[in-house]
Number of protein chains: 2
Amino acid sequence: MAQAQTLSRNQQIVLDIIEKAKSPLKAYSILFNVQKKGINAPQQIYRALDKLIEMGKIHKIESKNAFVACRSSDCEISKATAFSICESCEMVDEISDTKLSKYLSNFSDKKGTKFKRFNLEFFGLCKKCKIETK
Amino acid sequence: MAQAQTLSRNQQIVLDIIEKAKSPLKAYSILFNVQKKGINAPQQIYRALDKLIEMGKIHKIESKNAFVACRSSDCEISKATAFSICESCEMVDEISDTKLSKYLSNFSDKKGTKFKRFNLEFFGLCKKCKIETK
DNA sequence: TCATAATATGTTATAATATAACAAAGTGTT
DNA sequence: AACACTTTGTTATATTATAACATATTATGA
């Protein structure tokens, strides 16, 4: 099990760089950015990413194979994640909307099956890009 | 623009194999399955997949990098897709639930932004696997 | 009908993303 | 100190996806 608190050296390095970024980072771009800190191999990045995801510190944007820091408190350990993704500037925002989250967490399909986890990705233009394309 | 009707040879081959499959297919597994039909290169598969997605004939399961045939009529040209994914047997079902679809299509975030497209992936155990693990 | 634009194909090469497997070092118990 | 457990470092390789270029096929309109 992942402990609540302490991050290992590599985990901290990877988390720091993801938290500082304004948009989702890809694994190899993280790698190139931390080679000066002595991390040389993709494995080291992917291992850190896996743990950080487990801990709920970061999320993977599946449609982009990229990673963002968790800014929400709703998404209890990555069980319920929602993002808006700008198709123009690629910006990603985490959506934390209690109503939405509850609606989806309680959703059951036609067979009555409930699910323990979901990931939702919305696509459109962010406010900035909408104005610019006018 | 994608035409409404006709599929090209390669598109038809790729669609056929995806439609026959019971679970999502990966690009390279499609490739291996159609080499006897004279398709030799990944490009040929990815090009067909891209067009089929445009036409709404298939969907990509982003969390699995795999492709399924569209079984729904709700998801007008892939603008609104939802799937349930079994974490045990990897089975994927397309969810076509008008209420869910409307709810999400009308969703707007805290800034009032609406989105023109979404993809939702639920994870859990399918009925079959739930019984087996009891 | 023929020219021309658009779409689809075939092919080689390579980029980008991710995991396997193994050896060693560090950390936290009891 | 002995033990389990996690993390690290490293090399190699698997998997997923695109670039770039040449050719063929198929609309479509003048």
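This is a predicted model: local features need pLDDT of at least 70, side-chain atom pairs count only at pLDDT 80 or more; totals for chains, interfaces and linings use all residues.
The contact involves 30 residues of chain B and 30 residues of chain A. The size of an interface is often given as the accessible area lost when the parts come together. Between chain B and chain A, that buried area is about 3000 Å², and carbon and sulfur atoms give 56% of it. On the chain B side, Tyr103(B), Phe122(B) and Phe123(B) supply 19% of the area that chain B buries against chain A, more than any other three residues.

Polar and charged groups also take part. Across the interface of chain B and chain A there are six salt bridges. In a salt bridge between Lys111(A) and Asp93(B), the side chains meet at 3.2 Å, N to O. Polar contacts between chain B and chain A come to 16 residue pairs, with both residues at pLDDT 80 or more.

Three elements of chain B give two or more residues to the side that touches chain A: helix H4 (98-105), strand S5 (117-124) and helix H5 (127-132). S5(B) gives the most, with eight residues. Sorted by class, the side of chain B that touches chain A holds eleven nonpolar, six polar and 13 charged residues.

Strand S5 also links the two chains through strand pairing. Strand S5 of chain A, residues 117-124, pairs with S5(B) in the antiparallel sense over seven bridges. Within S5(B), Phe123(B) stands opposite Arg117(A). Phe123(B) is also one of the three residues that supply 19% of the area chain B buries against chain A.

Technical notes
Residues are numbered from 1 along each chain as its sequence is written. Chains are lettered from A and ligands numbered from 1 in the order in which they are written. Side-chain values use heavy atoms; hydrogens and water are left out. Contact means heavy atoms within 4.5 Å. Buried area is the accessible area (1.4 Å probe) that two parts lose on being put together, summed over both. A salt bridge is a side-chain nitrogen of Lys or Arg within 4 Å of a carboxyl oxygen of Asp or Glu. A polar contact is a pair of N or O atoms within 3.5 Å; within protein, one must be able to donate a hydrogen and the other to accept it, and residues adjacent in sequence count only if both atoms are side-chain atoms. Helices (H or I, at least four residues) and strands (E, at least two) are DSSP runs, numbered from the N terminus. Ala, Val, Leu, Ile, Met, Phe, Trp, Tyr, Cys and Pro count as nonpolar, Asp, Glu, Lys and Arg as charged, and the others, Gly among them, as polar. Two strands pair if DSSP finds at least two bridges between them.
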